[in-house]
Amino acid sequence: MSERLPKTLEEIREHFGGLIDDETAELLEAYINGKEPVVRLSEIASKKGKVLIEGLVVRVFPVRYFSREGREGKVGSIYLKDDCVVRVNFWNDAATIIETGDVVEGAKLRLRGYSRDGEVHVNDPSDVEIEIEYCRISELKPEVRTNLRGWVSGIGDPEEASEISVSDESGRIRVLLENREIYFKVDIGDYIEILNCSVRRGEGGDLEVYADRNSRVRVGE
């Protein structure tokens, strides 16, 4: 009777003892179980070809249009972070998810692309999975960037046009808006999402949220 192959990470480590390191054990576990291993961003510089990566979007650059050999194209780029930061380029159809605002700073991405010269290139939008984690108002912490959602529960002085209040099931918070246009788009009771916003302490010591030029605000979506 043949010996059963180790399948779990713990079984693989026990089977090989100290002959392999943790990284090799993780790759074996993925291979044995038919899973595609996730490549750490710090390894991208040494990788060529197709890779699966995950990380947090820390910077989004505008989509650029270009013409090459009589053909029109477009490309958008981001910085993705896990154990280091890597540039990811979205070409043509894939660049659309940047134009539509689906890829924003503060989102988590899991994507398949091609590694070349220390960067990753994506051609197909279906190769990109986007996850946005939201923080409850009661769990906000100062000096961090986060994602917030709730309902507009207050609107500030129209002469200033720079402040609203947002509530969720856990609390209420003041939100300062760098973009005055948002102030005029919202009304009491509107559902709102504020992505990649900054949390800080106001003059009175209470926490407040600041939606700056690096934030994205969605109303009623």
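**Entry 1. Secondary structure and overall form**

I counted four helices and 13 strands in the protein. I note that the model is predicted. I then looked up the radius of gyration, which is 22 Å for the protein, whereas a compact globule of 221 residues would have a value near 17 Å. Along the principal axes, the C-alpha atoms fill a box of roughly 80 × 55 × 30 Å.

**Entry 2. Surface and contacts**

I recorded an accessible surface of about 13,400 Å² for the protein. Carbon and sulfur atoms account for 45% of that surface. Of the 221 residues, 38% count as buried. I also looked at contacts between residues at least 6 apart in sequence, and 52% of these join residues at least 24 apart.

**Entry 3. The nonpolar cores**

Which residues have the most contacts inside the largest nonpolar core? I found Ile53, Ile78, Leu80, Val88, Phe90, Leu109 and Leu111, in a core of 22 residues. The elements that each give two or more residues to this core are the strands β1 (49–60), β3 (71–81), β4 (85–91), β5 (108–116) and β6 (119–122), together with the helix α3 (96–99). I noted a second, separate core of 21 residues, which includes Cys135, Leu148, Ile164 and Val186.

I then examined Phe90, leaving aside its neighbours within four places in sequence. Its contacts include Ile78, Leu109 and Leu111, three residues that are also listed among those with the most contacts inside the largest core.

**Entry 4. Ser115**

I next turned to Ser115, which lies in strand β5. Is Ser115 buried or exposed? Ser115 counts as buried because its relative accessibility is 4%, and the cut-off for buried is under 20%. The side chain of Ser115 reaches the backbone oxygen of Lys47 at 2.8 Å. Leaving aside neighbours within four places in sequence, I listed Ile44, Lys47, Lys48, Gly49, Val51 and Val120 as the contacts of Ser115.

**Entry 5**

How many bridges join strand β2 to β3? I found five, and the two strands run antiparallel, with β2 covering residues 64–68. One of the residues I checked was Arg68, whose bridge partner in β3 is Arg71. β2 and β3 form a hairpin with two residues between them. In the turn, I noted that Glu69 has a positive phi of about 50 degrees.

Definitions and conventions: Residues numbered from 1 in each chain as written. Predicted model: local features only at pLDDT ≥ 70, side-chain atom pairs only at ≥ 80, totals over all residues. Heavy atoms only, no water. Core = buried A, V, L, I, M, F, W, Y, C linked by side-chain atoms within 4.5 Å. Buried < 20%, exposed > 50% of the residue type's maximum accessible area, 1.4 Å probe, protein only. Contact = heavy atoms within 4.5 Å. Polar contact = N/O pair within 3.5 Å; in protein donor to acceptor, adjacent residues only side chain to side chain. Pairing = 2+ DSSP bridges. Rg over C-alpha atoms; globule rule 2.2 N^0.38 Å. Areas by Shrake-Rupley, 256 points an atom, 1.4 Å probe, with all protein chains shown as cover.
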